[in-house]
Amino acid sequence: MWKKEFDTSYVGFMKDGAQWLVDNTDIKLVGIDYLSVAAFDDLIPSHLVFLENRDVILVEGLKLENVKPGIYSLHCLPLRLRGAEGSPIRCILIK
């Protein structure tokens with residue numbers, strides 16, 4: 001995430017994986033510690049699956065390397081931007 005060069009080999013969802021998650025789970029938030037939850041080769045289709053019904057919230061660019069395993073409460077504090085499809089947010093984990 002913090003390298004100067006963009007790495008296209010990061011792990012992300014393909015369209016069929018995103019569709020499976022939406023159809024077979026009750027997950028409401030997907031977060032990732034890189035720039036996109038969608039795989040580089042499938043950016044638009046994967047995002048459309050997640051955002052189609054606005055049932056799944058996507059959080060990208062998380063800094064997770066110092067988070068120890070456990071159960072947390074996650075609070076995401078977005079900026080309210082009129083007419084925007086996304087927003088910068090501050091995420092807070094509470095153990």
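Reply: Buried means under 20% relative accessible area, exposed over 50%, and partly exposed in between (1.4 Å probe, protein chains only). This is a predicted model, in which local features need pLDDT of at least 70 and side-chain atom pairs count only at pLDDT 80 or more, while totals for chains, interfaces and linings use all residues. Residues are numbered from 1 along each chain as its sequence is written, and side-chain values use heavy atoms, with hydrogens and water left out.

Me: In what order do the elements of the chain run from the N terminus on?
Reply: Helices (H or I, at least four residues) and strands (E, at least two) are DSSP runs, numbered from the N terminus. The chain has two helices and four strands. Its C-alpha atoms fill a box of roughly 35 × 30 × 30 Å along the principal axes. The order of the elements is α-β-α-β-β-β.

Me: What percentage of the contacts between residues at least 6 apart in sequence join residues at least 24 apart?
Reply: A contact means heavy atoms within 4.5 Å. Counting the contacts in the chain between residues at least 6 apart, the share that joins residues at least 24 apart is 60%.

Me: Is Cys76 buried, exposed or partly exposed?
Reply: The relative accessibility of Cys76 is 28%. Because that value falls between the two limits, under 20% for buried and over 50% for exposed, Cys76 counts as partly exposed.

Me: How many disulfides does the count come to?
Reply: Cys76 is in no disulfide, its nearest cysteine sulfur being that of Cys91. By the rule the count comes to zero.

Me: Which residues form the largest nonpolar core?
Reply: A nonpolar core is a set of buried Ala, Val, Leu, Ile, Met, Phe, Trp, Tyr and Cys residues joined through side-chain atoms within 4.5 Å. In soluble globular proteins, nonpolar side chains tend to be buried together. Here α1 (15-24) and α2 each supply at least two residues of the core. Its nine residues are Ala18, Leu21, Val30, Ile32, Val37, Val49, Phe50, Val56 and Leu58.

Me: Which element gives the largest share of the lining of the largest pocket?
Reply: A pocket is an open set of points on a 1 Å grid over the protein atoms alone, with protein on both sides within 12 Å along at least five of seven lines, whereas a cavity is a set where a 1.4 Å probe fits but cannot get out; lining residues have an atom within 4 Å of a point. The largest pocket has a volume of about 1200 Å³, and of its 30 lining residues the closest to the centre are Ile57, Leu58, Val59, Ser87 and Ile89. At least two lining residues each come from β1 (29-31), α2 (43-51), β2 (57-59), β3 (73-78) and β4 (89-94). The largest share, four residues, comes from β4.

Me: What is the volume of the largest cavity?
Reply: Grid points are joined across faces, edges and corners, and a volume is the space filled by probe spheres set on the points. Val22, Val49, Phe50, Glu52, Asn53, Arg54, Asp55 and Val56 line the largest cavity. The count comes to one cavity of 30 Å³ or more. The volume of the largest is about 30 Å³.

Me: Is Asn53, in the lining of that cavity, buried or exposed?
Reply: Asn53 is found in the loop between α2 and β2. With 52% relative accessibility, Asn53 counts as exposed.

Notes: A disulfide is a pair of cysteine sulfur atoms within 2.5 Å.
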